[in-house]
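Biologist: I have a new model open here. Can you take me through it?
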Amino acid sequence: MGEQHYINMNTEQVSDFANNQSKDSVVMLNMVKYKALVPETGMTGKESYKEYMRQATPFFLKANAEIVFYGSPKHMLIGPEEDTLWDDVLIIKYNSVSDFMNMIMADGYPSELREQALEDSRLIHCTPNQKN
């Protein structure tokens, strides 16, 4: 069986996430692997993702999203050395679940550009550990 790739959101997980009534801020860990070439645009996946980020910026601003980190992993310090590292990693903070959901559901949000650019991805909702 071939390797499975993930680009679109898991409907059941999104539903559970969207029904989260917490008023706490939301941190999303994004790990992306770009396509070598995007047939629809003739650009590389990295170039297409850059265009997605450019077009998504007004939506990020409206959602008061904060890009905490955007960069490339370089060394596997713990873990199998043969594992392929992700091309880029993003950590984005939103004020609430509803801010994130309103952003991705907004008219004109360029999700198709993200989908076109990526070969594989992970989007993980993270919560802070409670301080004692």
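Biologist: What is the strand order in the open sheet, and is the pairing parallel or antiparallel?
Modeller: This is a predicted model, where local features need pLDDT of at least 70, side-chain atom pairs count only at pLDDT 80 or more, and totals for chains, interfaces and linings use all residues. Residues are numbered from 1 along each chain as its sequence is written, and side-chain values use heavy atoms, with hydrogens and water left out. The order of the 4 strands is β2-β3-β1-β4, and the pairing is antiparallel. Strands are DSSP runs of E, at least two residues, and helices are runs of H or I, at least four, numbered from the N terminus. Two strands pair if DSSP finds at least two bridges between them.
Biologist: Which strands stand at the edges?
Modeller: β2 (66-71) and β4 (118-126) do; each has a single partner strand, so one side of each lacks a neighbour in the sheet.
Biologist: Over how many bridges do β1 and β4 pair?
Modeller: β1 (residues 26-34) pairs with β4 over 8 bridges, in the antiparallel sense. M31 has R122 in β4 as its bridge partner.
Biologist: Changing topic, how many helices and strands does the protein chain have?
Modeller: There are 4 helices and 4 strands, and from the N terminus on they run α-β-α-β-β-α-α-β.
Biologist: How much of the protein chain is buried?
Modeller: Of its 132 residues, 30% count as buried, meaning under 20% relative accessible area with a 1.4 Å probe, protein chains only.
Biologist: And what does the C-alpha trace span?
Modeller: About 40 × 40 × 30 Å along the principal axes of the protein chain.

Note on methods:
Buried means under 20% relative accessible area, exposed over 50%, partly exposed in between (1.4 Å probe, protein chains only).
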